[in-house]
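Biologist: I would like to learn how to read the features of a model, taking the general idea of each one before the particular case. Could we go through them together, with the structure in view?

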Amino acid sequence: MTEKKVLFITGAAIGIGHAACLKFAAQGYAVAFNDYNQENGRKAEQELKAMGHDVLFLPGDATSEEEVKAMVAKTVETYGRIDTLINNAGGLGGRSAFEGMETAFWNRVMDLNLTGAFFASRECIPWLKKTKGTIINITSIAAYNGGGPGAGVYAAAKAAVLTMTRAMAKELIPAGVRVNAVSPGTIDTAFHAASSRELLESFVKAIPAGRMGRPGEVADVMYYLASEQSSYLVGEVVQINGGQMML
């Protein structure tokens, strides 16, 4: 069993997830990260190892119940513990109006943003109880405003993540496990590749800070939520949106 704290994070080869890997590793964590894209995952793994960090890449599908079980088991086999789970895997999955939306599309977006987070949480909870650890979920500004054009199912999934965060927080805090979430606004990642330039520019115009957020800014808040500095935050959802929405 490692003496280091251990982060298990899904969907973390690029973007916000990768920024979280860098942040937690720099703070002395061993990092077990998952991604569906093996090429991106291996590249991220090599980068982290070249920096001298203790890292384990876990290729696989974060929406597969059996694969998530195997990834968590491999993490525990390697490190003997899990201190923080970040349910980062998610995505827009494309854009579709509700009218005419294919059932397969609905299920895919729900699985990626909600069901996968449930699978990972369920598997990690017994280990997090041992370490009095933390869970950090990723919701979105879309959970509050319904999302952009064609992103209704994504918004619905992220709203469910928000509610699941609070329900899990109440259930787990008696065991010493804190559950919180971050709610990013428009962050400069590949997530927005599905958005047109015009749509993205309209998003930025609505941000009082005058720019998109950076992945590292989200990762900083994630680390804060995993640290003892946030020891009295339970069921909180931290907005990271440059003033785009103030709640």
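Modeller: Let us begin with the aromatic rings, where Phe24, Tyr29 and Tyr223 form one aromatic cluster. This is a predicted model, in which local features need pLDDT of at least 70 and side-chain atom pairs count only at pLDDT 80 or more, while totals for chains, interfaces and linings use all residues. Residues are numbered from 1 along each chain as its sequence is written, and side-chain values use heavy atoms, with hydrogens and water left out.

Biologist: How is a pair of aromatic rings described, and how many aromatic pairs does the structure hold?

Modeller: In general, one gives the distance of the centres and the angle of the planes. Rings of Phe, Tyr and Trp (its six-membered ring) pair if their centres lie within 6.5 Å, and planes under 30 degrees apart count as stacked, over 60 as edge-to-face and the rest as tilted. There are five aromatic pairs in the structure. One of them joins phenylalanine 24 to tyrosine 29, edge-to-face, at 5.0 Å centre to centre and with 85 degrees between the planes. Tyrosine 29 also pairs with tyrosine 223, and because their centres are 6.3 Å apart and their planes stand at 80 degrees, this pair is edge-to-face.

Biologist: Are tyrosine 29 and tyrosine 223 buried or exposed?

Modeller: The general idea is a cut-off on relative accessible area: buried means under 20%, exposed over 50%, and partly exposed in between (1.4 Å probe, protein chains only). Tyrosine 29 has a relative accessibility of 6% and therefore counts as buried, and tyrosine 223, at 19%, counts as buried too. Phenylalanine 24 is likewise buried.

Biologist: What lies over the face of tryptophan 127?

Modeller: A charge sits over a ring if NZ of Lys or CZ of Arg is within 6 Å of the ring centre and within 35 degrees of the ring normal. Here lysine 130 lies over the face of tryptophan 127, at 5.7 Å from the ring centre.

Biologist: Where is the place of leucine 128, and which residues does leucine 128 touch beyond those up to four places away in sequence?

Modeller: Helices (H or I, at least four residues) and strands (E, at least two) are DSSP runs, numbered from the N terminus, and leucine 128 has its place in helix α4 (residues 103-131). Contact means heavy atoms within 4.5 Å. Not counting residues up to four places away in sequence, leucine 128 touches Ile82, Asp83, Thr84, Leu85, Gly133, Thr134, Ile135 and Val177, and its relative accessible area of 0% is why leucine 128 is buried.

Biologist: Which atoms do the side chains of threonine 10 and serine 230 reach?

Modeller: A polar contact is a pair of N or O atoms within 3.5 Å; within protein, one must be able to donate a hydrogen and the other to accept it, and residues adjacent in sequence count only if both atoms are side-chain atoms. Threonine 10, in the loop between β1 (6-9) and α1, reaches the backbone nitrogen of asparagine 88 with its side chain at 3.2 Å. Asn88 is also among the residues in contact with glycine 17, when neighbours within four places in sequence are left aside; glycine 17 has its place in helix α1. Serine 230 is found in the loop between α8 (215-226) and β7 (237-240), and its side chain reaches the backbone oxygen of serine 227 at 3.1 Å. Serine 230 is buried, with a relative accessible area of 1%, and threonine 10 counts as buried at 4% relative accessibility.

Biologist: How many helices and strands does the secondary structure of the protein come to, and what is the radius of gyration?

Modeller: The secondary structure comprises eight helices and seven strands. The radius of gyration is taken over C-alpha atoms, and the globule rule is 2.2 Å times the number of residues to the power 0.38. For this protein the radius of gyration is 17 Å, close to the 18 Å that the rule gives for 247 residues, so the protein is as compact as a globular protein of that length. Of the 247 residues, 51% count as buried, and residues 24 or more positions apart account for 72% of the contacts with a separation of 6 or more.
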